[in-house]
Amino acid sequence: MLHPTAVRRPIRVGAALAGVAGIVGLTGCAGSGSQENASPEEAAYTDGTYTAEGSYRTPETTETIEVTLTLADDVITAVEVAGDPQAPQSVQYQGRFIGGISDEVVGRDIDEISVSRVAGSSLTSGGFNEAIEVIKAEAAA
């Protein structure tokens, strides 16, 4: 016995299949959460070891330091600073700076580096930051 408001079986089956197809289609549009199609972030600087000089003024004279650092994917992996202090107080401050700079910059992105004071030495930082800018320009070329 058929009810006058009952939907016929072929129509119900067709509607059910269309619903399943719609769900499958929407699932296919959903993101998988993976980054397979995302392009990796490119480094702004060429990997390598760079050396540059920076200078700064003290009350007595102008001092110069030489900075050598190694970059890998824009991250500083090693740093060396060599000084040639002209004033007696610069010997002490450059020594402190050279002894502490590695802890401040190794493992950090070169664009995040702006040293202001290392181990009580603040003037040497000006020469270091100047050398970093020269290295960034060279590494970006």
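**Group meeting: the nonpolar core and a strand hairpin**

Good morning. I begin with Leu-69, which, leaving aside its neighbours within four places in sequence, is in contact (heavy atoms within 4.5 Å) with Gly-48, Thr-49, Tyr-50, Ile-76, Ala-78, Val-79, Ile-110, Ile-132 and Ile-135. This is a predicted model, in which local features need pLDDT of at least 70, side-chain atom pairs count only at pLDDT 80 or more, and totals for chains, interfaces and linings use all residues. Residues are numbered from 1 along each chain as its sequence is written, and side-chain values use heavy atoms, with hydrogens and water left out.

Leu-69 belongs to the largest nonpolar core, which has 23 residues; Val-67, Leu-69, Val-79, Ile-101 and Phe-128 touch the most other members. Such a core is a set of buried Ala, Val, Leu, Ile, Met, Phe, Trp, Tyr and Cys residues joined through side-chain atoms within 4.5 Å, where buried means under 20% relative accessible area (1.4 Å probe, protein chains only). At least two residues of this core come from each of strands E1 (48-57), E2 (62-72) and E3 (75-83) and helices H2 (88-105) and H3 (123-140). Helices (H or I, at least four residues) and strands (E, at least two) are DSSP runs, numbered from the N terminus. The most is given by H3, with five residues.

Thr-124 also lies in helix H3. Is Thr-124 buried or exposed? Thr-124 is buried, at a relative accessible area of 1%.

Finally, E2 and E3 pair in the antiparallel sense over eight bridges; pairing requires at least two bridges found by DSSP. Glu-66 stands opposite Ala-82 in E3. Two residues separate the strands of this hairpin, where Asp-73 takes a positive phi near 55 degrees. Thank you.

Conventions: Buried means under 20% relative accessible area, exposed over 50%, partly exposed in between (1.4 Å probe, protein chains only).
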